Amino acid sequence: MVTREDVENIALLSKLFVPEDELDGLTKSMQEIIDFADAINNAPSSDVGFDNINNLSNVFREDEVVPSYPVAEILKNAPEQAEDHFLVRNRE
Amino acid sequence: MGCKAVKYELVSGFETHIELSTKTKIFCGCTTQFGGEPNTHCCPVCIGLPGTLPVLNREVVRFAIKAGLAVHGKIADVAKMDRKNYCYPDLAKAYQISQLYEPLIIGGYIELNSGRKIRLHHIHIEEDAGKLIHQHGDTYVDYNRGGVPLIEIVSEPDIRSIDEAKEYVEKLQQVMRWVGISDCKMQEGSMRCDVNISVRPEGAEKFGTRTEIKNMNSITNIARAMEYEYERQVDLIESGGKVVQETLRFDDATGTTSSMRSKEDAHDYRYFRDPDLVTITVPREEVEELRAQMPELPGEKLERYVDEYEIPEKDAALLTKYRNISEYFDKAIDGVKSPKTVSNFIIGQIFRRVETEADKEVFDVAVSPAQLNELVKLLDSGKIRNNLAKSTLEKMLDSGKGALEFISESDMGGVDDNALLELCKAAVEGNPKAVEDFRNGKEKAIKALVGNVMKNSRGKADAMAAEAKIKELIG
């Protein structure tokens, strides 16, 4: 059962501000999401479970350097940047 | 506070992060090189862009297995990667890929000089976070370090003193460098410790409430922080207060600890299996192959030097502090009569040329092990004496040339038995007064005769042999 406190806690952990008047709606939505995902728990499970359905293991890369991206490409999606850094503003 | 009625025991456990010296990051092919212009060792994977997929670096697994073998840990048959969720700018994905439920290495220990074993809970692999620079109230993020492979070595709360803590960190650093998986430079952040610490009345079984001091980057500061935190907790309890479980930071300037985050920020990482990464099944053959490749570890070597070569433990510890020194020593003792002589030359003379710890670790010495070996063999064969060997070693260290460049045939000649007999006869004939004194019971008078032999052989004769020979002649 999802409670208002759960939603508040998740908002806090995600550093999201949730206005008081949206809490009830979000609690209801989140319960629906959980219920939907719960459908998986009712599916017939195999011996291996869902942990590794492709039965894959040991997919590795070799330790070989490939060129990195130019800094301009790396920063392309940054909402803000300065001196070739991602810039995170202090909102307080 | 004054004299305390109750004595308090310190209880501590460490979480140590070590950056692995693989060429590339844990989940992508970007370089792990330290430094570099900001955000130039990055790609869509290590800045966590949606839609990218991490692929595990095979070498990270091998390095972690080596680390596990180096601390006598058990290598798991199956290991998995988990997501540790937290929202902070040093992680672009808002989760760190780590291991919680099925880590690669289980157990193990670090043995202290006292023989006490500090048990390890496990060692897991994970990705490092980016570097944050706080400036003008804002935060500048450089993801070059993001995705650099780490191992985290989690100890049991077995440490009982600050000295044990220091030794634990030093031993861990030594052995991880030894097996070549990390440079463990605390000042560059390639080795960092989180220190868990609590106190309890001596004799009590139950642990006290612990605090955790984050991100310690020098052994000196670890000691300072622990000292401060021990006193703080004891004073708190003595004055009727209670230790609150919290995460602390240590302030280098003031030597004090302070709370890092408030209670409502208490961590809730909501770990779960990372669906992007498949299971690691560790083939036993690979573990055995790595085990076979393991060098003799420092602790084992130290014991062997003491037991087999009769080297004092203190000297053996110096020889095994860095792998390069011990390898130099191992080469230099090949076929010599007394490895201790070699040890004395290294510690007494060569160490004076490699003063810093960094230089000792590299141990790039002008005299090769083979050249030192040659010099010691000249000494072994009686061709030269200790004083000459010492002064020759200095010249060798200055020039990088071999012993024979400085020792002539004539230096080595003239001390065979016949020559010695002639020298002794001459000394006896030339000093009738000393001979008479000796015969009259003045033991010391023989020193003058030996001195004469030494002088005339220009220091090359064996004084003990000369003394014996003279006694034969006049006794």
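Q: What makes β1 and β13 of chain B paired strands?
A: Eleven bridges join β1(B), residues 8–19, to β13(B), residues 191–201, and the two run antiparallel. Strands pair if DSSP finds at least two bridges between them, so eleven bridges meet that rule. A strand here is a DSSP run of E with at least two residues, a helix is a run of H or I with at least four, and both are numbered from the N terminus. As an example of facing residues, Tyr8(B) stands opposite Pro201(B) in β13(B).

A word on the model itself: it is predicted, so local features need pLDDT of at least 70 and side-chain atom pairs count only at pLDDT 80 or more, while totals for chains, interfaces and linings use all residues. Residues are numbered from 1 along each chain as its sequence is written, and chains are lettered from A and ligands numbered from 1 in the order in which they are written.

Q: How do you know that β13(B) also pairs with β14(B)?
A: Four bridges join β13(B) to β14(B), residues 211–216, in the antiparallel sense. Here Ile197(B) stands opposite Thr211(B).

Q: What makes residues of chain B count as being in contact with chain A?
A: Two residues are in contact if their C-beta atoms, placed from the backbone, lie within 7 Å. By that rule, 34 residues of chain B are in contact with 31 residues of chain A. β11(B), residues 138–142, gives the most to this side of chain B, with five residues.

Q: How do you know that β1(A) and β2(B) are paired?
A: Two bridges join β1(A), residues 60–61, to β2(B), and these strands run parallel. Phe60(A) stands opposite Leu56(B) in β2(B).

Q: What makes a stretch of chain B a domain here?
A: Domain bounds come from an automatic or database domain assignment. For chain B, that assignment gives domain 1 (8–288), domain 2 (306–406) and domain 3 (417–474). The C-alpha centres of domain 1 and domain 3 of chain B lie 69 Å apart.
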